[in-house]
Amino acid sequence: MKSQGISIVKMGGKYMKKVSIDGVYDYATSKHQSTIMDLVICKEARMWIGDSSGANAIPIITKTPGVFCNYCLPVMCSNYRRGDLSIFKPHYFVESGRYL
């Protein structure tokens with residue numbers, strides 16, 4: 001992605017495992033992490049890829065297009081905008097031995 005001019009910012013809590021990948025800025029474990037910077041990064045981003053954690057509210061507030069992964073229930077997607085993509089977590093039904 002770096003060769004295409006795309007930069008990636010890894011967000012999250014300081015408890016996350018540190019990554020060292022060319023083209024990825026590990027903001028999650030950075031000493032520069034702050035609430036204001038969280039908002040600025042999301043506002044300036046072209047897109048957001050994340051899960052159902054509390055941080056997913058930031059791209060919604062800043063109107064940053066997003067891909068939201070591992071959602072359990074369709075009702076969780078009721079606040080998102082046209083163009084956002086929600087990917088649901090697969091659910092395994094034990095009694096029938098198959099995914100729903």
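This is a predicted model: local features need pLDDT of at least 70, side-chain atom pairs count only at pLDDT 80 or more; totals for chains, interfaces and linings use all residues.
Which side chains does a polar contact of 3.0 Å join? They are the side chains of Thr 62 and Thr 64.

The protein chain has an average pLDDT of 82, and 90% of the residues score at least 70. Confidence is highest in strand S2, residues 24–26, where the mean is 92. At the other end, strand S5, residues 85–88, has the lowest confidence, with a mean of 78.

Now back to Thr 62. You will find Thr 62 in the loop that lies between helix H2 (57–61) and strand S4 (66–71). Is Thr 62 buried or exposed? Its relative accessibility is 11%, so Thr 62 counts as buried, the limit being under 20%. Beyond its neighbours within four places in sequence, Thr 62 is in contact with Leu 39, Cys 42 and Lys 43.

Lys 63 sits in the loop between H2 and S4. Lys 63 has a relative accessibility of 66% and therefore counts as exposed, for which the limit is over 50%. Its backbone also deserves a glance: phi of Lys 63 is near 60 degrees, a positive value in a residue other than glycine. Most residues other than glycine have a negative phi.

Follow the chain into S4 and you reach a sheet. This open sheet has 3 strands in the order S3-S4-S5, and their pairing is parallel. From one strand to the next, the twist averages 10 degrees. Between S3 and S4, which run parallel, there are 3 bridges. Here Trp 48 stands opposite Gly 66 in S4.

Trp 48 also leads us to the nonpolar core. Which residues form the largest nonpolar core? There are 8 of them: Met 11, Tyr 27, Ile 41, Cys 42, Trp 48, Ile 58, Phe 68 and Tyr 71. Helix H1 (35–44) and S4 each contribute at least two residues to this core. In soluble globular proteins, nonpolar side chains tend to be buried together.

Our next stop is Lys 10, in strand S1 (residues 8–10). With a relative accessible area of 16%, Lys 10 is buried, because this value falls under 20%. A polar atom of the Lys 10 side chain lies 2.7 Å from the backbone oxygen of Lys 17. Not counting residues up to four places away in sequence, the residues that Lys 10 touches include Met 16, Val 19, Val 24, Tyr 25 and Tyr 27.

The walk ends in the loop between S1 and S2, where Asp 22 is found. Asp 22 has a relative accessible area of 63% and so is exposed. Although Asp 22 and Ile 8 are 14 residues apart along the chain, their C-alpha atoms are separated by 9.5 Å.

Methods:
Residues are numbered from 1 along each chain as its sequence is written. Side-chain values use heavy atoms; hydrogens and water are left out. Helices (H or I, at least four residues) and strands (E, at least two) are DSSP runs, numbered from the N terminus. Buried means under 20% relative accessible area, exposed over 50%, partly exposed in between (1.4 Å probe, protein chains only). A polar contact is a pair of N or O atoms within 3.5 Å; within protein, one must be able to donate a hydrogen and the other to accept it, and residues adjacent in sequence count only if both atoms are side-chain atoms. Contact means heavy atoms within 4.5 Å. pLDDT is the predictor's confidence in each residue, from 0 to 100. Two strands pair if DSSP finds at least two bridges between them. Axes are lines fitted to C-alpha atoms, for helices over the stretch in contact, and angles run from 0 to 180 degrees between N-to-C directions. A nonpolar core is a set of buried Ala, Val, Leu, Ile, Met, Phe, Trp, Tyr and Cys residues joined through side-chain atoms within 4.5 Å.
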